Amino acid sequence: MGWRNWGYEVSLSIDVKRRIGATQLNVQFTVAIGETVAIVGPNGAGKTSLLRVVAGLISADEGRISWDGMVWDDASSGEFSPPEQRPLAYVFQDYALIEHLTVGDNVAFGLRARGVRRRRARERAQEVLDVVGGSDLVERMPSSLSGGEAQTVAIARALATEPTVMLFDEPFAALDASARAHARRLFSSMRSLSMARLIVTHDAVEALTLADRIVVVESGSVVQIGTPSEVLATPRSHFVAEILGLNPLSGQLRGDELSLGAMSLTVGAHGVDDGEVIAIVRPRSVSLHRERPEGSPRNVWRTTVEAVDRSDGRVRVQLGAPLPIAVEVTPAGFDALATELDGDVWASVKASEIVVQPA
Amino acid sequence: MSRQQRHDARVPIALAVLGWLAVAFFVLPIMALVLRVPWSSLSDVITDDATTEALTLSVFTSVITTVLAIVLGVPLAWLLARSNIPGRQFIRALCTLSMVLPPVVAGVALLASLGRRGVVGEILDDWFGVRLPFTMPAVVIAQLFVAMPFLVLTVESGFARSAGTVEEAARTLGASPWYVFTRVTLPATQPAIVAGAVLTWARALGEFGATITFAGNFPGTTRTLPIATYLALESDIDDALLISMVMVVISVVILVALRGRWVGAIGGMR
């Protein structure tokens, strides 16, 4: 469309209300082309329902959805494009691969449905699988794939139709550490594609590392929209406050060695180049010990307890030098430490629990 | 094996006695059949024109019935499993009533509707000169009426099970509802369709009551194998035994081929 070049921003515009069970979904925001927006919120906030409305699997009760000026769903005029007429792709949480088709035929499915000839569709499927690192999966059946492989295939299948809007439902929920690293690399490489990406997640770390903007949804409504740093700076909900405690750390990455000034940590598999990075350590992934723990030589350090906050059945402990981070332990675990303020403790964290992203 | 397991595996005496009595009840007639069959005259009966004619007619009509049952029954199963038509439970009950109806009653009902004086049959006769009763198509209609519900119920539970995000995923990939049905739903339901078709075929092959009532007993056109068996009883019991044996063999082959698959296929029935 010509007027794209006249200063209009091509975007997915969402302004809908939809009742699903007990939840009243009521959201308004836009996703620009090239942008990745993460929808975060606790379970049951209506995040998946939002994706389903955007995909056209359910319709809006009120409001409208449009892409680049084309109306997908308009409750007042009754306009509604079914899913197959929207130039989008949806990567489901359970991947939703077609069990009786090979990986190659799964990836070719969207093209075949659009009338592309079998041979051409298969060639294209192989190309896309090559790009996402699934070249050798083409003849496999879905039931024989690991979770990470199934997700790779699901993403390849979605990319094969060259969608302009891509929807992801909890893309990391079911993956182990190494599959997560591969998935993160995949997501970073997708950033260069000219499409709008909408990622639903309840994992704040993933949201912070993947998204250009974050939409925080609670009980069906948007409570905050902003860049990751804006959301971190001024949290507007309990859920975002939890994100705050995630211990973002600036440092230098070289291979799997992360230098943080006063000390360094070893990080697990990642797809990030050497240089300035932001590392995130979840409060719950740090353990505290009275004595130096046996058998785990990496990522163990001696530190002090600066502050203790007991609430909601959990104990939040602020650690001192050399790494001033907040950690969260169970009350029983904390009592077993038998430590006092300014007392010494040993802290440890698994390499695979540290998430790095380019700064 | 531990003592505990041995103890748990023991069945109460009363249940065991009754259970084995039931086994005997099923096994005895088949064994008796095998014992009494005059194997020496097997080749005579098998090559006998009247028997071959009945066998051919039975196989031919039951296969046609099975094909028609798939063509009509799969869409009906889909309506029952997936659509929001009002009175779905009631429609399901109506469409499967013939399963539990006495076959003779089914035949009478078919005469009342499609017979020469029937509600629809009269119109067919007056307008088109078509008379269905006592013809080969009538055999197929009688079989279809009593046998199709087996396919409908089996496939319906298959459709109910295969529903899920896979079909939605196919839609978001650009597939029309029809494309999704033929490329995703049908293949996923294929085991249920096969199981339902085999059950339907077996029921159609053995159909007697509705067939003899609605289609009669004309050699070559409506005298199927079960009817031939019944008639043979009056003339030559050896023939009846032999023809029965043929049908037992067919039934055993079906059971072995299914290997309990249909039990699984209709296991999810609500």
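Reply:
**Helices and their packing**

Helix H13 of chain B runs over residues 237–258, and its 22 residues should span 32 Å at 1.5 Å a residue; the end C-alpha atoms are 32 Å apart, which agrees. This is a predicted model. Buried residues in H13(B) are B:Ala240, B:Leu241, B:Leu242, B:Ile243, B:Met245, B:Met247, B:Val248, B:Ile250, B:Ile254 and B:Leu258. A side-chain oxygen of B:Asp236 sits at the start of H13(B) and comes to within 3.0 Å of the backbone nitrogen of B:Asp238.

Next, a helix pair in chain A. Helix H4 (residues 147–160) and helix H5 (residues 177–190) of chain A have axes 9 Å apart and pack at an angle of about 15 degrees. An angle under 35 degrees counts as roughly parallel, so H4(A) and H5(A) are roughly parallel to each other. The crossing of H4(A) past H5(A) is right-handed. From H4(A), the contact uses A:Gly148, A:Gln151, A:Thr152, A:Ile155 and A:Leu159. From H5(A), it uses A:Ala179, A:His182, A:Ala183, A:Leu186, A:Phe187 and A:Met190. In general, an α-helix has 3.6 residues a turn, so residues three or four places apart point the same way.

Now each helix of that pair. The 14 residues of H4(A) should span 20 Å at 1.5 Å a residue, and the end C-alpha atoms are 20 Å apart, which agrees. H4(A) is mostly covered, with 12 of its 14 residues buried. Among them are A:Gly148, A:Ala150, A:Val153, A:Ala156, A:Arg157 and A:Ala160. The cover over the buried residues of H4(A) includes strands S7 (88–91) and S8 (165–169), helices H2 (103–113) and H3 (118–132), and H5, each of chain A. Helix H9 (165–172) of chain B is also part of that cover. Just after H4(A), A:Glu162 has a positive phi of about 50 degrees.

H5(A) also has 14 residues; from first C-alpha to last it reaches 20 Å, close to the 20 Å expected at 1.5 Å a residue. Its buried residues include A:Ala179, A:Arg180, A:Ala181, A:Arg184, A:Leu186 and A:Met190.

Back to chain B for a second pair. The axes of helix H4 (residues 49–82) and helix H5 (residues 88–100) of chain B come within 9 Å and cross at roughly 150 degrees. That makes H4(B) roughly antiparallel to H5(B). Their crossing is left-handed. B:Leu76, B:Leu79, B:Leu80, B:Ala81 and B:Arg82 of H4(B) meet B:Arg88, B:Ile91, B:Arg92 and B:Cys95 of H5(B).

B:Arg88 lies in helix H5 of chain B. It is partly exposed, with a relative accessible area of 23%. Leaving out residues up to four places away in sequence, B:Arg88 touches B:Leu79, B:Leu80, B:Ala81, B:Arg82 and B:Ser83. Its side chain reaches the backbone oxygen of B:Leu80 at 2.5 Å. B:Arg88 and B:Ile237 are 149 residues apart in sequence, and 48 Å apart in space, C-alpha to C-alpha.

Last, a strand residue. A:Asp74 has its place in strand S5 (residues 70–74) of chain A. A:Asp74 is buried, with a relative accessible area of 7%. A polar contact of 2.7 Å joins its side chain to that of A:Ser76. Not counting residues up to four places away in sequence, A:Asp74 touches A:Gly63, A:Arg64 and A:Glu79.

Key:
Residues numbered from 1 in each chain as written. Chains lettered and ligands numbered in written order. Predicted model: local features only at pLDDT ≥ 70, side-chain atom pairs only at ≥ 80, totals over all residues. Heavy atoms only, no water. Helix = DSSP H or I, 4+ residues; strand = E, 2+ residues; numbered from the N terminus. Expected span 1.5 Å × (residues − 1). Buried < 20%, exposed > 50% of the residue type's maximum accessible area, 1.4 Å probe, protein only. Polar contact = N/O pair within 3.5 Å; in protein donor to acceptor, adjacent residues only side chain to side chain. Axes fitted to C-alpha atoms, helices over the stretch in contact; angles between N-to-C directions. Parallel < 35°, antiparallel > 145°, perpendicular 65-115°, else oblique. Left-handed = near helix turned anticlockwise from the far one by under 90°. Contact = heavy atoms within 4.5 Å.
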